[in-house]
Amino acid sequence: GVLAKPITRTQFLFGRWIGVVAFFGGFILFGALTVFILMGIWSISVTPLLIVGIIHKLGVLFAYSSIAFVLSLFLPSIVGGGIAFMLFIFRGIFQQMSESSITAVETIGYFFYYIIPAVSTYQLVKNGILDNMLDPAYGSYLSIIAENYLYAAVLFFGGTLLYQKKDILLD
């Protein structure tokens with residue numbers, strides 16, 4: 001509660017969010033480092049697609065952690081994190097629901113499909129390690145990555161704007 005140097009709510013929230021992202025991002029980067037070391041031991045070349053896949057994983061982390069973080073500003077943290085986790089788990093199902101012949105299911109599918117971060121149908125990390133694609137669609141992959149980073153930034157910005165109006169109650 002008490003800080004030596006007063007900071008704005010936005011700075012405080014950004015610090016909390018970056019802490020969460022750095023913690024989970026560390027797991028992704030540790031896994032990537034392990035993969036790079038094993039690829040070096042086994043003389044497998046590191047492809048640009050693998051690097052793009054790792055950046056994509058970090059973008060997904062940014063996007064879903066921003067959902068959890070913004071929801072946790074107004075709901076209990078476990079609920080906000082749980083909703084973000086459920087959106088992550090069921091993201092493929094929402095795409096399938098949007099292709100349904102039942103109007104209500106299709107509408108629900110489209111709603112959730114368009115409010116969650118962009119979904120890549122390709123397993124970029126796996127394809128970057130196992131497949132030697134002649135002409136990967138880097139433009140498509142990079143646009144999905146950019147959309148996820150932008151999604152996270154806009155969501156975080158919107159959440160901090162809404163949080164500025166919230167009263168902070170001290171117990």
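Visitor: How much of the chain counts as buried?
Guide: Of its 171 residues, 30% count as buried. Buried here means under 20% relative accessible area, exposed means over 50%, and partly exposed is in between, with a 1.4 Å probe and protein chains only. This is a predicted model, where local features need pLDDT of at least 70 and side-chain atom pairs count only at pLDDT 80 or more, while totals for chains, interfaces and linings use all residues. Residues are numbered from 1 along each chain as its sequence is written, and side-chain values use heavy atoms, with hydrogens and water left out.

Visitor: OK, what's the secondary structure?
Guide: Seven helices and zero strands, so the pattern along the sequence reads α-α-α-α-α-α-α, going by DSSP runs numbered from the N terminus (helices are H or I, at least four residues; strands are E, at least two).

Visitor: And what box do the C-alpha atoms fill?
Guide: Roughly 60 × 50 × 25 Å, taken along the principal axes.

Visitor: Why roll a probe at all?
Guide: Because a probe the size of a water molecule, rolled over the atoms, shows where empty space is left.

Visitor: Which residues lie nearest the centre of that largest pocket?
Guide: Val60, Leu61, Tyr64, Phe88 and Arg91, out of 25 lining residues. To count as lining, a residue needs an atom within 4 Å of a point.

Visitor: Which helix gives the most to the lining?
Guide: H2, with eight residues. Helices H1 (9–41), H2 (48–74), H3 (77–89) and H6 (124–130) each supply at least two.

Visitor: What's the lining like by class?
Guide: There are 15 nonpolar, seven polar and three charged residues. Nonpolar covers Ala, Val, Leu, Ile, Met, Phe, Trp, Tyr, Cys and Pro; charged covers Asp, Glu, Lys and Arg; the others, Gly among them, are polar.

Visitor: Now the surface. Which residues form the nonpolar patch?
Guide: Leu33, Ile37, Leu38, Ile41, Trp42 and Ile44, with about 590 Å² of accessible area together. Patch residues have over 30% relative accessible area and no salt bridge; nonpolar side chains (Val, Leu, Ile, Met, Phe, Trp, Tyr) are joined within 5 Å, like charges within 9 Å. A salt bridge would be a side-chain nitrogen of Lys or Arg within 4 Å of a carboxyl oxygen of Asp or Glu. The areas come from Shrake-Rupley with a 1.4 Å probe, and for residues only the protein chains shown count as cover.

Visitor: Where does Trp42 lie?
Guide: In the loop between H1 and H2, and Trp42 is exposed at 56% relative accessible area. Ser43 is found in that loop too. Ser43 is exposed at 66% and has a positive phi of about 55° although it is not a glycine.

Visitor: Is Ile67 buried or exposed?
Guide: Buried, with a relative accessible area of 6%. Ile67 is found in helix H2, and its C-alpha is 9.3 Å from that of Pro117, 50 residues apart in sequence.

Visitor: What about Ile93, where does that one lie?
Guide: In helix H4 (residues 91–97). Ile93 is partly exposed at 39%, and 30 Å separates its C-alpha from that of Phe30, 63 residues apart along the chain.

Visitor: Last one: which helix is Gly139 found in?
Guide: H7, residues 138–164. Gly139 counts as exposed at 54% relative accessibility. Gly158 has its place in helix H7 as well, but Gly158 is partly exposed, at 27%.

Definitions and conventions:
On a 1 Å grid over the protein atoms alone, a cavity is a set of points where a 1.4 Å probe fits but cannot get out, and a pocket is an open set with protein on both sides within 12 Å along at least five of seven lines; lining residues have an atom within 4 Å of a point.
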